[in-house]
Amino acid sequence: MTSATPRRRGRPSRTESADTPATRDRILAAAREEFSERGYDKTSVRGIAKAAGVDSALVHHYFGTKDQVFEAAITLSFAPAMEAPRTVEEGPLDGVGERLTRFFFGVWENPATRTPLLAVVRSAVNNETAAAVFRRIIATQVLRRIAGRLDVPDAELRAELAAAQLVGIAMLRYVIKVEPLASADPEQIIRRVAPVVQAHLTAPR
């Protein structure tokens with residue numbers, strides 16, 4: 001059982017709230033909004049429960065601790081990025097740099113997916129507990145899966161270097177908003193960055 005799996009800790013009484021999948025989804029949606037607006041430190045289980053219109057015991061019932069609620073919320077917010085490993089399989093390795101870079105910026109350029117990702121990144125930067133959860137998800141769900149699809153030496157290190165290149169640019173462009181990078185044409189960035197990502201992933205040692 002993963003830490004994002006619901007923990008059946010002290011089932012709430014029927015008078016507290018309906019124990020249904022819809023209720024769980026409502027709690028998770030409220031958690032994502034709370035973490036997005038307040039960050040990890042200022043978000044509480046009580047606040048999540050209030051936003052979802054349930055008793056805090058029901059939040060613990062479904063998710064366990066605050067860390068586990070955060071991990072579930074991150075997983076939901078990060079879902080589009082979880083498809084990144086598939087881009088490695090969609091064509092020959094000599095084009096993987098452009099495919100991965102284009103996929104990455106496609107996720108970040110879409111406001112619907114960028115907003116929750118920004119909240120996740122900001123929480124991870126400002127809180128070590130949140131950062132640890134974020135690292136675990138990135139390592140297990142994205143980087144190791146990409147590395148597993150590369151038939152090259154030092155695959156995990158290569159995947160991490162490629163990710164560092166892309167995430168660093170995302171921090172400067174979308175979080176810190178350094179100009180002229182912040183307002184540059186995404187296609188211009190992709191043309192310049194894709195060869196570097198390609199080199200990280202497939203170039204000889």
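Buried means under 20% relative accessible area, exposed means over 50%, and partly exposed is in between, with a 1.4 Å probe and protein chains only. With that in hand, welcome to a predicted model, in which local features need pLDDT of at least 70, side-chain atom pairs count only at pLDDT 80 or more, and totals for chains, interfaces and linings use all residues. Residues are numbered from 1 along each chain as its sequence is written, and side-chain values use heavy atoms, with hydrogens and water left out.

**The chain as a whole**

- The protein chain has ten helices and zero strands; helices (H or I, at least four residues) and strands (E, at least two) are DSSP runs, numbered from the N terminus.
- Read from the N terminus, the elements run α-α-α-α-α-α-α-α-α-α.
- Of the 205 residues in the protein chain, 42% are buried.
- Take the contacts (heavy atoms within 4.5 Å) between residues at least 6 apart in sequence: 70% of them join residues at least 24 apart.

**Helix α1 against helix α2**

- Two packed helices are described by the angle between their axes and the distance between the axes.
- For α1 and helix α2 (residues 45–52), the axes come within 8 Å and cross at roughly 120 degrees; axes here are lines fitted to C-alpha atoms, for helices over the stretch in contact, and angles run from 0 to 180 degrees between N-to-C directions.
- That angle makes α1 oblique to α2, given that angles under 35 degrees count as roughly parallel, over 145 as roughly antiparallel, 65 to 115 as roughly perpendicular and the rest as oblique.
- The crossing of α1 past α2 is right-handed, a label used if the near helix is turned clockwise from the far one by less than a right angle, with anticlockwise giving left-handed.
- On the α1 side the contact is made by R26, I27, A30, A31, E34 and F35, which meet G47, I48, A51 and A52 of α2.
- By class, this contact of α1 with α2 has seven nonpolar, one polar and two charged residues; Ala, Val, Leu, Ile, Met, Phe, Trp, Tyr, Cys and Pro count as nonpolar, Asp, Glu, Lys and Arg as charged, and the others, Gly among them, as polar.
- E34 is a residue of helix α1 (residues 21–42), and it counts as buried because its relative accessibility is 11%.
- Not counting residues up to four places away in sequence, E34 touches G39, T43, G47, I48 and A51.

**Helix α2 against helix α3**

- The axes of α2 and helix α3 (residues 56–63) come within 8 Å and cross at roughly 105 degrees, so α2 and α3 are roughly perpendicular to each other.
- Here V45, R46, I48 and A49 in α2 meet S56, V59 and H60 in α3.
- The residues of this contact of α2 with α3 divide into four nonpolar, two polar and one charged.

- L76 sits in helix α4 (residues 66–77) and counts as partly exposed, at 36% relative accessibility.
- Leaving aside neighbours within four places in sequence, L76 is in contact with L28 and R32.
- L76 and L28 are 48 residues apart along the chain, and their C-alpha atoms are separated by 8.4 Å.

**Aromatic rings**

- The whole structure holds seven aromatic pairs; rings of Phe, Tyr and Trp (its six-membered ring) pair if their centres lie within 6.5 Å, and planes under 30 degrees apart count as stacked, over 60 as edge-to-face and the rest as tilted.
- F35 and F70 form an edge-to-face pair, 4.9 Å centre to centre with 75 degrees between the planes.
- Because F35 lies in helix α1 and F70 in helix α4, this pair ties together parts that are 35 residues apart in sequence.
- Both F35 and F70 are buried.
- The rings of Y62 and F63 have centres 6.3 Å apart and planes at 50 degrees, so this pair is tilted.
- Y62 and F63 are buried too.
- F104, F105, W108 and Y174 form one aromatic cluster.

**Backbone details in the loops**

- E179 and P180 are joined by a cis peptide bond, with omega about 10 degrees; P180 is in the loop between α9 (155–175) and α10 (186–202).
- K177 is also in the loop between α9 and α10, has a positive phi near 60 degrees without being a glycine, and counts as exposed at 55% relative accessibility.
- D154, in the loop between α8 (128–148) and α9, has a positive phi of about 55 degrees although it is not a glycine.
- D154 counts as partly exposed, at 42% relative accessibility.
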